[in-house]
Amino acid sequence: MKKWIVMMLLVILSFTQSVQMVHAAKDEWNQLADLPTARVGAVANAVDGKIYVIGGFNADKETLEYDPSVNKWTKKTDIPTGRGGAASVVVGSKIYVLAGKHTGFTYNKFEVYDTKKDEWETLPDIPFVSKSKGSYNVQAGVIGNKIYVFGGKEFFSYDLSKQTWKEEAPLNVKIEGAIGLVLDEKFYIFGKNDKREVFEFDAKKEVWTAKKKGFVSGYLNGVTYKNNMIFPGGSTRSLIVYDTEQEELVRIDVPYHNMRIGASSVVIDDTLYLIGGRDYNENYTEIADQNYKSVISLSLKDLQFPNNTETEPPGDKDPEP
């Protein structure tokens, strides 16, 4: 009888611990395997359930693959042209890397990585007239069979079928530290500008529209998730989401995490991964903080996104995004 009671208590204790672990996994940031090299301004993309981190300042040409199932980083074939502050997009199993900067030089380079073959291919340069784009001054997104590339007022598309470049409608604005995201077949540019605007390109109508209440700071990172555009790392206790309908920034409460700038982010299976970067500072520099080899993740599954989320509360002490 005593043996039976002990066994039951062990079963109950085991169940209780399992529930606590699941609860912790949902409500806390998980610390994952560090990057082999600290980096800032790398590109990161998810392909077939794995994360690929390419280049970045301090990392030069390094290409890494992360497998979430074993929490392990593996070195892959180097990108031909090392750079930081580049733009990237995914089409099928391939990652296209565009522009960026390396040791004082700016690039219009356009290279593609085949994740299945672990091979790089060099494609025709982006036909920018102005060569001095620098880091974080080129943004890219995929709509249909075209890669749209915006850089310092110039705007082009690359037809994946024809493998040709075409000039698109320009946008006469100055934006610093910007990134580009695609949502609902529209291409958005987020960055620091005088009027705190977000710029939306409708690929069907081929027109730009300025939307309100964007960012006053730059060099953040962003990712799309279930029709939301999320900007992690810019607040210690929030994920910042841009609501395109209301034209406003929304904060979603999450557990505490260190703010970081120049990081990368991806989403796989309802999990957000925040990779690299450096301490948040308005005076952005292209130097990676060794503390930010770190990679952390958070489950997004149970979070309430804009339709059920209150707007940014007054008096928030985090730096304004």
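This is a predicted model: local features need pLDDT of at least 70, side-chain atom pairs count only at pLDDT 80 or more; totals for chains, interfaces and linings use all residues.
View 1

**View 2. A closer look at S10 and S11.** Here we meet strand S10, which covers residues 110-114 and pairs with S11 in the antiparallel sense over five bridges. To find your way, look for Glu-111: its bridge partner in S11 is Thr-122.

**View 3. The largest cavity and its lining.** The structure holds two cavities of 30 Å³ or more, and the largest has a volume of about 60 Å³. Its lining includes Gly-177, Ala-178 and Ile-179, along with Phe-190, Gly-191, Phe-215 and Phe-231. Strands S16 (176-183) and S17 (186-192) each supply at least two residues of this lining, and S16 gives the largest share, three residues. Sorted by class, the lining of the largest cavity has seven nonpolar and four polar residues, with no charged ones.

**View 4. The second largest cavity.** About 30 Å³ of space lies in this cavity. Around it you will find Gly-41, Ala-42, Val-43, Ile-54, Gly-55, Ile-79, Arg-83, Ala-86 and Val-97. By class, six of the residues lining the second largest cavity are nonpolar, two are polar and one is charged.

Terms used
Residues are numbered from 1 along each chain as its sequence is written. Side-chain values use heavy atoms; hydrogens and water are left out. Two strands pair if DSSP finds at least two bridges between them. Helices (H or I, at least four residues) and strands (E, at least two) are DSSP runs, numbered from the N terminus. On a 1 Å grid over the protein atoms alone, a cavity is a set of points where a 1.4 Å probe fits but cannot get out, and a pocket is an open set with protein on both sides within 12 Å along at least five of seven lines; lining residues have an atom within 4 Å of a point. Grid points are joined across faces, edges and corners, and a volume is the space filled by probe spheres set on the points. Ala, Val, Leu, Ile, Met, Phe, Trp, Tyr, Cys and Pro count as nonpolar, Asp, Glu, Lys and Arg as charged, and the others, Gly among them, as polar.
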